[in-house]
Amino acid sequence: MKNKAIIAMSGGVDSSVAAFLMKEKGFDCIGATMKLYDNEEIGISREKTCCSLDDIEDARAVARRLSMPYYVFNFKDEFEKKVIDKFISTYENGGTPNPCIDCNRYLKFEKLFQRMNELDFDYVVTGHYARIEEKDGWFYLKKAVDNTKDQSYVLYSLTQYQLSHIMLPLGEYTKAEIRDIAEAQGFLNARKKDSQDICFVPDGDYASFIEKYTGKTYPQGDFVDINGKPIGTHQGIIRYTNGQRKGLGVAFGQPMYVAGKDIEKNTVTLCTNDELFSSELTAVDFNWIIPNPSSEIKCSARVRYNMKEQPATAYILENGNVKVIFNRPQRAITKGQAVVLYDGDSVLGGGTIV
């Protein structure tokens, strides 16, 4: 009897080729697109984003070409609660969220897993660039072969159960090879551009999205220096994130950067570039992928998606949180982002920076 797989299809080239590769391996597959929101409801035009009707039609066309049943699953309520509401709350509380991590965690690998179990399927398959390896009954998450496309950072929250029922067929390929496969198969999206922005904020203006979505206005307050001295006026605390230089709206005579935010005082602290660097952080809601981690681990760590891992030591605290101390200070470590620990190309675990 064939193994059965649900292919998470976004309408893009990666998930389309993932579907093709699984069919080639002899799996019994269905395609599924997650309907996460209505563009009009969150105030963006239809053609600007993924999850649009065009993307659904692209996914449906690929599924049809592969003679594969295709479904659209409505997960709008869950997406609003677990992703959009958390996104807004994190900004309102002084952090900078990573909604792609939450979407993977709560939608792709929670809601789709529910459908997998309800339909009595064996695997959920996505177009992520990462690899899963089993050794002695334990499943490990590893970087993709194509380092320029590696997405292991956004998958750190996966559990052993999930890892044992996920397949990531693109992990062994380069992006160029994936596009070539799509072209050879005649997929209409073979040269479709990758989506770069957060799907529900396609123009990148997070503050305007939050204001429209909540109906709130966020009051002006003081820019302060690292000694707390007022040096200007900010335009609402949700408009700023650590390390930001552009868009401050004030000239200081030298480059100044956002160093932090105080929600109670409604202040945004600014500093020079040199003052942005720090050597340690604490992370909560930590998920370990390796078995039985020791209380002190030499590793490398990433504090944002597009950075190279840096040498560090991780310490597991009594409450389960993790302190990470870098060998060298790192620039603009940001509350709300993820820290992910690595040993070579293996993900050790990750959590949310506080």
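Predicted model: local features only at pLDDT ≥ 70, side-chain atom pairs only at ≥ 80, totals over all residues.
A crossing of two helices is called left-handed if the near helix is turned anticlockwise from the far one by less than a right angle, and right-handed if clockwise. Under this convention the crossing of H3 and H7 is left-handed. Residues are numbered from 1 along each chain as its sequence is written, and side-chain values use heavy atoms, with hydrogens and water left out.

Helices (H or I, at least four residues) and strands (E, at least two) are DSSP runs numbered from the N terminus. The axes of H3 and H7 come within 11 Å and cross at roughly 115°; axes are lines fitted to C-alpha atoms, for helices over the stretch in contact, and angles run from 0 to 180 degrees between N-to-C directions. H3 and H7 are therefore roughly perpendicular to each other, a class that covers 65 to 115 degrees, with angles under 35 counted as roughly parallel, over 145 as roughly antiparallel and the rest as oblique. In contact terms (heavy atoms within 4.5 Å), Glu80, Ile84, Asp85, Phe87, Ile88 and Tyr91 of H3 meet Tyr206, Phe209, Ile210, Tyr213 and Thr214 of H7. These residues of the H3 contact with H7 divide into 8 nonpolar, 1 polar and 2 charged, where Ala, Val, Leu, Ile, Met, Phe, Trp, Tyr, Cys and Pro count as nonpolar, Asp, Glu, Lys and Arg as charged, and the others, Gly among them, as polar.

The contact involves Val13, Asp14, Val17, Phe20 and Leu21 from H1 and Lys175, Ile178, Arg179, Ile181 and Ala182 from H6. By class, the residues of the contact of H1 with H6 are 7 nonpolar, no polar and 3 charged.

A nonpolar core is a set of buried Ala, Val, Leu, Ile, Met, Phe, Trp, Tyr and Cys residues joined through side-chain atoms within 4.5 Å; buried means under 20% relative accessible area, exposed over 50% and partly exposed in between (1.4 Å probe, protein chains only). The largest nonpolar core has 58 residues, and Phe79, Phe87, Leu107 and Phe200 have the most contacts inside it. Elements giving two or more residues to this core include helix H3 (76-92), helix H4 (99-118) and helix H7 (206-214). H4 gives the most, with 8 residues. Apart from this core lies another, of 28 residues, among them Phe20, Leu66, Val125 and Ala182.

Individual positions were also examined. Val124, in strand E4 (residues 123-125), is buried, with a relative accessible area of 0%. Excluding residues up to four places away in sequence, Val124 touches Ile6, Lys108, Phe109, Leu112, Phe113, Met116, His165, Ile166 and Met167. Ser157 lies in the loop between E6 and helix H5 (160-163) and is buried, with a relative accessible area of 9%. Lys212, in helix H7, is exposed, with a relative accessible area of 63%. The C-alpha atoms of Lys212 and Gln254 are separated by 34 Å, the two residues being 42 residues apart along the chain.
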